[in-house]
Amino acid sequence: MICHIVGARPNFMKAAPVLAALRERAGFRQMLVHTGQHYDYAMSEVFFQQLDLPAPDLNLEVGSGTHTAQTAQTMLRLESVLLDHKPDLVIVYGDVNSTLAAALVCAKLNIPLAHVEAGLRSFDRTMPEEINRLLTDQVADLLFTPSEDGNANLLREGVSQAKIHLVGNVMIDTVVRLLPLALQKWQRDHMLVQDIQAEKGRYVLVTLHRPSNVDNLETLCSVMSALSEISKEMRVIFPVHPRTRQKLDALGVVSNSSFHLIEPLGYLDFLALQRYAALVITDSGGIQEETTFLGVPCLTIRENTERPITVTVGTNILVGQNTERLLTEAYAILNGRIKQGSVPPLWDGHAAERIAEIIVHWRA
Ligand code: UD1
């Protein structure tokens, strides 16, 4: 039996194609466990519906807490589940706290572990995700990487070549599958998103949730004033993550006629909005990849990225926390000076099939 463990929003679009690819291969019993790290409808359930993910067999309902509390709770609750169900293989995704917690439990119980999206490194150990990535990769038995840089990082860290498999990007599998549906929904809804009329190519899409950007109110204030400047040139649409919402409320930031702070969006609406944005400004990891695939300009408000291929090959530009740089690059793009990118190798919609194939042979 194969047990998939997911917990937070960016896990869901990665797990969906892998579950589907394994379902197509006879003989695999599968189980899906949700740790409950994300629990709001808009952060979790809507993704299950839109991605055709089966309802989780179990929800551990760990909820929010400090990183230690969240990781420890997940470990405690997961241990008894894995002891009861005795999976032959556990699959974890990405770099969230749930990923590391599950990886550690598997290591303690000697259960084989596969990590999807292995090998990514920002080389910034102040990021919680970097610690999650490093430790998960150290204990994984099968490491599925999205790009060559992932293989190089793992080999440098002493991971055996035999465990590493370059399969491409499973997140892009989901984009390839659902982009047509997202664009149909967009037409049907007359490009209305939460009462905001979004015209093709006439808005800037923003997401921000990294602790490094939103936890310090001074940093958040300066980013928000730069975004407010940009909104004088072009309408800004900003679906706000719950942790960012708490901080913006504390600052008293509210929407106006050209700067729209809206609720988090479901997968399909957000994908369509990305596709037709003039520019995306983000600190997310996955959005750097999705914009590269869609050929949409992306400015990333971070000093580093664990996804360097989006900069070297794709449409991404790192602007750091330098708001002057953010404004210069944003105005250049809005005035038509756009960095051309291409789609990295194996970001082709078939990564999950490659993973399933490797698992078939691994088991044999
Ligand atoms: C987590 C991941 C991050 C990922 C992000 C995507 C870690 C370390 N971080 O960050 O890598 O990019 O998810 O969204 O795992 N909250 C709600 N409702 C929810 C979930 C969270 O209100 O459904 C609020 C709570 O106040 C919570 C805060 O958001 O304390 C942060 O949630 P948490 O899961 O700790 O981290 P994220 O910032 O979401």
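How do the residues of the lining of the second largest pocket divide into nonpolar, polar and charged? I opened my notes on this predicted model with that point, and I found 8 nonpolar, 2 polar and 6 charged residues in that lining.

**Entry 1: the second largest pocket**

I looked up the volume of the second largest pocket, which is about 270 Å³. I counted 16 residues in its lining, and Pro17, Ala20, Ala21, Asp173 and Arg177 lie nearest its centre. I then asked which helices take part: α1, α7 (170–188) and α15 (351–363) each supply at least two lining residues. The largest share, 5 residues, comes from α1.

**Entry 2: the largest pocket**

I recorded the lining as 20 nonpolar, 18 polar and 12 charged residues.

**Entry 3: the ligand**

Where does the ligand sit? I found that the space it takes is the largest pocket. I listed 20 residues around the ligand, of which Gln37, His38, Asn97, Glu129 and His209 come nearest.

In the side chain of His38, an N or O atom is 2.7 Å from an oxygen atom of the ligand. For Asn97, a polar backbone atom is 2.8 Å from a ligand oxygen. For Ser64, the distance from a side-chain N or O atom to an oxygen of the ligand is 3.4 Å. I also noted that the ligand on its own has 740 Å² of accessible area, of which the protein covers 89%.

I traced the shell to helices as well: α1 (9–23), α3 (67–85) and α10 (242–251) each supply at least two of its residues. The largest share, 3 residues, is that of α10. By type, I recorded 5 nonpolar, 9 polar and 6 charged residues in the shell.

**Entry 4: the cavity**

How many cavities of 30 Å³ or more does the structure hold? I found 1, and the volume of the largest cavity is about 50 Å³. Among the residues that line it, I noted Val116, Glu117, Phe144 and Met171. Both β6 (142–145) and α7 supply at least two residues of this lining.

Methods: Residues numbered from 1 in each chain as written. Predicted model: local features only at pLDDT ≥ 70, side-chain atom pairs only at ≥ 80, totals over all residues. Heavy atoms only, no water. Near = heavy atom within 4 Å. Polar contact = N/O pair within 3.5 Å; in protein donor to acceptor, adjacent residues only side chain to side chain. Areas by Shrake-Rupley, 256 points an atom, 1.4 Å probe, with all protein chains shown as cover. 1 Å grid on protein atoms, 1.4 Å probe; cavity = no way out; pocket = protein on both sides within 12 Å on 5 of 7 lines; lining within 4 Å. Sits in = over half its atoms within 2 Å of the grid points. Helix = DSSP H or I, 4+ residues; strand = E, 2+ residues; numbered from the N terminus. Nonpolar A, V, L, I, M, F, W, Y, C, P; charged D, E, K, R; others polar. Points joined across faces, edges and corners; volume = space filled by probe spheres on them.
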